[in-house]
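I opened a new notebook page for this chain. I want to note what I looked up, entry by entry.

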Amino acid sequence: HSFPSGHAVVLITVYGLLGYLWCRASRSWVERLVISAVVVGWISLIVSSRLELGAHWPTDVIVGVVIGVLWLTAVIVALKRVEEAL
């Protein structure tokens, strides 16, 4: 029931996309750096909490992270293609 970690997939997809959109809209490299650090830190905290609470095995979380990154990449590519088509 816990393979892969759905929390990891959703966190990376949602917060990764929000961070990407915010970074893209920002003109300041400092703001981009802070946004990236906050997003990565928040995702790391929640993913590690899944392990600490015993809700998932490490393999569950690792596969969830991989799927989340792949899904985030697909969403960003689709978003760029739609913007280019307009």
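**Entry 1: the overall fold.** I started with what counts as a helix: a DSSP run of H or I with at least four residues, numbered from the N terminus. With that in hand, I read the chain along its sequence and got the pattern α-α-α. The tally is three helices and zero strands. I reminded myself that this is a predicted model.

Next I looked up the dimensions. The C-alpha atoms fill a box of roughly 45 × 30 × 10 Å, taken along the principal axes. The chain has 86 residues, and 28% of them count as buried. I also looked up the accessible surface, which comes to about 6100 Å². Carbon and sulfur atoms own 73% of that surface.

Then I turned to contacts.

**Entry 2: helix 1.** Helix 1 covers residues 6–25. I checked its length against expectation. Its 20 residues, at 1.5 Å each, should span 28 Å. The end C-alpha atoms are 28 Å apart, so the two values agree.

Which residues of helix 1 are buried? I listed Ala 8, Val 9, Leu 11, Ile 12, Thr 13, Gly 16, Gly 19, Tyr 20 and Cys 23. Their cover includes helix 2 and helix 3.

**Entry 3: the segment before helix 1.** I found Ser 5 there. Buried or exposed? Ser 5 has 0% relative accessibility, so I put it down as buried; the cut-off is under 20%. The side chain of Ser 5 makes a polar contact with the side chain of His 56, at 3.5 Å. Leaving out residues up to four places away in sequence, Ser 5 touches His 56, Asp 60, Val 61 and Gly 64.

**Entry 4: the loop between helix 1 and helix 2.** Ser 26 sits in this loop. Its relative accessibility is 5%, so Ser 26 also goes down as buried. I followed its side chain to the backbone nitrogen of Ser 28, at 3.3 Å. Ser 26 also touches Glu 31 and Arg 32, with residues up to four places away in sequence not counted.

Ser 28 has a contact of its own to note. At the start of helix 2, a side-chain oxygen of Ser 28 comes to within 3.3 Å of the backbone nitrogen of Val 30.

**Entry 5: helix 2.** Helix 2 runs over residues 29–52. I repeated the length check. Its 24 residues should span 34 Å at 1.5 Å a residue, and the end C-alpha atoms are 34 Å apart, so this helix agrees with expectation.

The buried residues in helix 2 are Ile 35, Val 39, Ile 43, Ile 46, Val 47 and Arg 50. What do they pack against? I found helix 1 and helix 3, the latter spanning 58–85. Just after helix 2, I noted that Gly 54 takes a positive phi of about 80 degrees.

**Entry 6: a nonpolar patch.** Val 10, Val 14, Tyr 15, Leu 18, Trp 42 and Leu 45 make a patch of about 580 Å². Helix 1 and helix 2 are the elements that give two or more residues to this patch. Which helix gives the most? Helix 1 does, with four residues.

I looked at one member more carefully. Tyr 15 lies in helix 1. Its relative accessible area is 34%, so Tyr 15 is partly exposed.

**Entry 7: a salt bridge.** Side chains of opposite charge can pair when their charged atoms come close. How many salt bridges are there in the whole structure? My search found one. Glu 83 pairs with Arg 24, and the closest N and O atoms are 2.9 Å apart. Glu 83 is in helix 3 and Arg 24 in helix 1, so the bridge ties together parts that are 59 residues apart in sequence.

I checked how open each partner is. Glu 83 is partly exposed at 36% relative accessible area. Arg 24 is partly exposed too, at 39%.

Entry 8: I finished with Leu 79, which lies in helix 3. It is partly exposed, at 26% relative accessible area. Setting aside neighbours within four places in sequence, Leu 79 is in contact with Tyr 20, Leu 21 and Arg 24.

Key
Residues are numbered from 1 along each chain as its sequence is written. This is a predicted model: local features need pLDDT of at least 70, side-chain atom pairs count only at pLDDT 80 or more; totals for chains, interfaces and linings use all residues. Side-chain values use heavy atoms; hydrogens and water are left out. Patches are made of residues with over 30% relative accessible area and no salt bridge: like charges are joined within 9 Å, nonpolar side chains (Val, Leu, Ile, Met, Phe, Trp, Tyr) within 5 Å. Accessible areas come from the Shrake-Rupley method with a 1.4 Å probe; for residues, only the protein chains shown count as cover. A salt bridge is a side-chain nitrogen of Lys or Arg within 4 Å of a carboxyl oxygen of Asp or Glu. Buried means under 20% relative accessible area, exposed over 50%, partly exposed in between (1.4 Å probe, protein chains only). The expected span of a helix is 1.5 Å times one less than its number of residues. Contact means heavy atoms within 4.5 Å. A polar contact is a pair of N or O atoms within 3.5 Å; within protein, one must be able to donate a hydrogen and the other to accept it, and residues adjacent in sequence count only if both atoms are side-chain atoms.
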